[in-house]
Amino acid sequence: MASLRTLTKSFSGWVFCCCCCCLPLLLTSPVPPKGVASTSHHVCRLREINFQQPYIRNRTYTLAKLVQVSDQDTDNRFIGQQLYVNVKENNRCYMMKRIAEIVVEDVLLTEAKEQYPHAEEVAQFFASLTSELSRCKFSGHREHIEKNLEEMKIKMKQLGENGKTKAIGELDLLFDYMENACTDAPRKRGNKKRN
């Protein structure tokens with residue numbers, strides 16, 4: 001202990017003490033270094049490989065195209081830019097996670113899984129994505145997110161079976177919007193328009 005006191009009395013002793021004692025504490029600090037994304041960003045991210053599997057992309061698009069033929073309602077759209085009204089960009093993945101949960105639970109895992117080919121497979125895919133995003137939470141105010149989700153659910157309920165048909169017919173859009181909101185992939189399909 002006496003040698004430590006004499007060591008710390010000199011300037012070089014202070015430098016030595018700081019390097020040996022303080023530097024390891026700073027390096028193990030839970031604060032991310034400048035320029036590195038926070039952990040909340042990482043829990044709202046999906047690996048791009050999820051969306052690069054041709055098999056599940058094909059199944060999702062095939063199911064959507066099959067059902068679009070019977071969707072006569074061209075006035076309503078569930079998946080689109082209207083979902084992002086007053087929603088900050090860092091909350092878009094959370095928003096798409098919630099929409100995928102609604103579509104899986106209220107649409108795909110109902111009688112649709114027996115009615116349409118690949119519906120159960122596509123439901124499992126989207127369920128796995130929402131499970132992977134289980135720790136993804138909104139940041140800031142959630143009123144706009146909840147309002148937009150509620151409007152979508154009300155519209156779907158008002159349309160009844162046609163609402164479920166429309167939701168299945170928009171699975172390709174859900175796939176693309178989720179990929180764009182939840183991965184770091186280049187934004188190439190998010191503004192896709194259909195008639």
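This is a predicted model: local features need pLDDT of at least 70, side-chain atom pairs count only at pLDDT 80 or more; totals for chains, interfaces and linings use all residues.
The secondary structure of the protein consists of 10 helices and zero strands. Read from the N terminus, the order of elements is accordingly α-α-α-α-α-α-α-α-α-α. The protein has 195 residues, of which 38% count as buried. Among contacts between residues at least 6 apart in sequence, 81% join residues at least 24 apart.

Two packed helices are described by the angle between their axes and the distance between the axes. Helix α5 spans residues 92-108 and helix α8 spans residues 143-159; their axes come within 11 Å and cross at roughly 25°. Because angles under 35 degrees count as roughly parallel, α5 is roughly parallel to α8. The crossing of α5 past α8 is right-handed. On the α5 side, the contact is made by Tyr94, Met95, Arg98, Ile99, Ile102 and Val107. On the α8 side, Ile145, Glu146, Asn148, Leu149, Met152, Lys153 and Met156 take part. Sorted by class, this contact between α5 and α8 holds nine nonpolar, one polar and three charged residues.

The packing of α5 with helix α10 can be described in the same terms. Helix α10 covers residues 171-182, and its axis lies 8 Å from that of α5, at an angle of about 150°. Since angles over 145 degrees count as roughly antiparallel, α5 and α10 are roughly antiparallel to each other. Here α5 passes α10 in a left-handed crossing. From α5, the residues Arg92, Cys93, Met96, Lys97, Ile99, Ala100, Val103 and Leu108 meet Leu171, Leu174, Tyr177, Met178, Ala181 and Cys182 of α10. This contact of α5 with α10 divides into 12 nonpolar, no polar and two charged residues. Ile99 of α5 is listed in the contact with α8 and also in the contact with α10.

In soluble globular proteins, nonpolar side chains tend to be buried together. In this model the largest nonpolar core has 49 residues, and the members that touch the most others are Met96, Ile99, Phe126, Leu171 and Met178. Two or more residues of this core come from each of α4 (54-68), α5, α7 (119-132), α8, α9 (161-169) and α10. Helix α5 gives the most, with 11 residues.

Leaving aside residues up to four places away in sequence, phenylalanine 126 touches Thr60, Ala100, Val104, Leu171, Leu174, Phe175 and Met178. Among these neighbours, Leu171 and Met178 are themselves named with Phe126 as core members that touch the most others.

Two loop residues conclude the account. Which residue sits in the loop between α4 and α5? Asparagine 86 has its place there, and its phi is near 60°, a positive value in a residue other than glycine. Asparagine 86 counts as exposed because its relative accessibility is 55%, and exposed means over 50%. Histidine 118 is found in the loop between α6 (112-115) and α7. Its phi, near 75°, is likewise positive in a residue other than glycine. With a relative accessible area of 25%, histidine 118 is partly exposed.

Definitions and conventions
Residues are numbered from 1 along each chain as its sequence is written. Side-chain values use heavy atoms; hydrogens and water are left out. Axes are lines fitted to C-alpha atoms, for helices over the stretch in contact, and angles run from 0 to 180 degrees between N-to-C directions. Helices (H or I, at least four residues) and strands (E, at least two) are DSSP runs, numbered from the N terminus. Angles under 35 degrees count as roughly parallel, over 145 as roughly antiparallel, 65 to 115 as roughly perpendicular and the rest as oblique. A crossing is left-handed if the near helix is turned anticlockwise from the far one by less than a right angle, and right-handed if clockwise. Contact means heavy atoms within 4.5 Å. Ala, Val, Leu, Ile, Met, Phe, Trp, Tyr, Cys and Pro count as nonpolar, Asp, Glu, Lys and Arg as charged, and the others, Gly among them, as polar. A nonpolar core is a set of buried Ala, Val, Leu, Ile, Met, Phe, Trp, Tyr and Cys residues joined through side-chain atoms within 4.5 Å. Buried means under 20% relative accessible area, exposed over 50%, partly exposed in between (1.4 Å probe, protein chains only).
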